[in-house]
Amino acid sequence: MKKIITIAGSNSQNSINKSLLSYTIQLLENVEIISIDLNDYVLPIYGVDFEAENGIPTAIKRLDELFDKADGFIIALAEHNGTYTTAFKNIIDWLSRVNMKIWREKPMLLMAASPGGRGGTTVLQSANAYFPYLGGKVIAGFSLPNFYDNFSEDEISDNELNEELSRKTLLFEQHLNSKFNN
């Protein structure tokens, strides 16, 4: 069975990106979901001096080992001031000290939800540019704008957006299956 690591790029307990991620994983079939909660990785801010004095935190080493077991990643990125949340970026910084190819050339579905009309477009553009450098193989991206208008009762209420997410999730699954069967 394929193992998919899911990450909501927010440490908010009420993250709309966590809601989008929870809905999205229901669209997948025959996969094992390994959910990463950023709140389980409260770490010091990365810095070379801290690393030289203390080494790499054990939690990061374990997370890196978990990433080795993944067949793919689904990440819902929260956008803070046009970029990743500090909690997410800090984990990326620490992971890159263990293995610069954090994402291991494995397929990725990137998403973002926002209460505004752009739907996290800026953070998705940033991730699309940066993640391949970190070994990411971005298969598809999805933006959910106006979250509170387009998401209700634990699902996307806008039919066009719902169909778009279904298509992109299917594309991710197809790529994952072709990779998994080779």
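**Core, rings and sheet**

Modeller: Leaving aside residues up to four places away in sequence, Phe131 touches Ile75, Tyr84, Phe88, Trp103, Met108, Leu110 and Gly136 (contact: heavy atoms within 4.5 Å). The model is predicted, so to speak only of local features with pLDDT of at least 70 and side-chain atom pairs at pLDDT 80 or more, while totals for chains, interfaces and linings use all residues. Residues are numbered from 1 along each chain as its sequence is written, and side-chain values use heavy atoms, without hydrogens or water.

Phe131 also belongs to the largest nonpolar core, which has 32 residues; Ile7, Phe67, Ile75, Phe88, Trp103 and Phe131 touch the most other members. Such a core is a set of buried Ala, Val, Leu, Ile, Met, Phe, Trp, Tyr and Cys residues joined through side-chain atoms within 4.5 Å. At least two of its residues come from each of S1, S2, H3, S3, helix H4 (86-98), S4 and helix H5 (121-130) (DSSP runs numbered from the N terminus: helices H or I of at least four residues, strands E of at least two). H4 contributes the most, 5 residues.

Rings of Phe, Tyr and Trp (its six-membered ring) pair with centres within 6.5 Å; planes under 30 degrees apart are stacked, over 60 edge-to-face, the rest tilted.

There are 14 aromatic pairs in the structure. One of them is edge-to-face and joins Phe50 to Trp94, at 5.9 Å centre to centre and 80 degrees between the planes. This pair links distant parts of the chain, 44 residues apart, with Phe50 in helix H2 (residues 48-54) and Trp94 in helix H4. Phe50 counts as partly exposed at 30% relative accessibility, whereas Trp94 is buried, at 0% relative accessible area (buried: under 20%; exposed: over 50%; partly exposed: in between; 1.4 Å probe, protein chains only). Phe147 and Tyr148 are edge-to-face because their ring planes stand at 90 degrees, with centres 5.2 Å apart. Phe147 counts as buried at 5% relative accessibility, and Tyr148 as exposed at 60%.

Now the sheet. It is open, with 5 strands in the order S2-S1-S3-S4-S5 and parallel pairing (strands pair if DSSP finds at least two bridges between them). Strand S2 (31-36) and strand S5 (136-144) are at the edges with a single partner strand each, so one side of each has no neighbour in the sheet. On average, neighbouring strands are turned by 20 degrees against each other, direction ignored.

S1 runs parallel to S2, joined by 6 bridges, and Ile5 has Ile34 as its bridge partner in S2. S1, H1 and S2 make a right-handed β-α-β unit (with the strands pointing away from the viewer, the path from the first strand over the helix to the second runs clockwise). Strand S1 (residues 2-8) also pairs in the parallel sense with strand S3 (residues 72-76), over 5 bridges; in S3, the bridge partner of Ile5 is Phe73. Helix H3 (residues 58-69) packs on the sheet, touching S1, S2, S3 and S4, and its direction makes about 135 degrees with that of S1 (axes are lines fitted to C-alpha atoms, for helices over the stretch in contact; angles run from 0 to 180 degrees between N-to-C directions).
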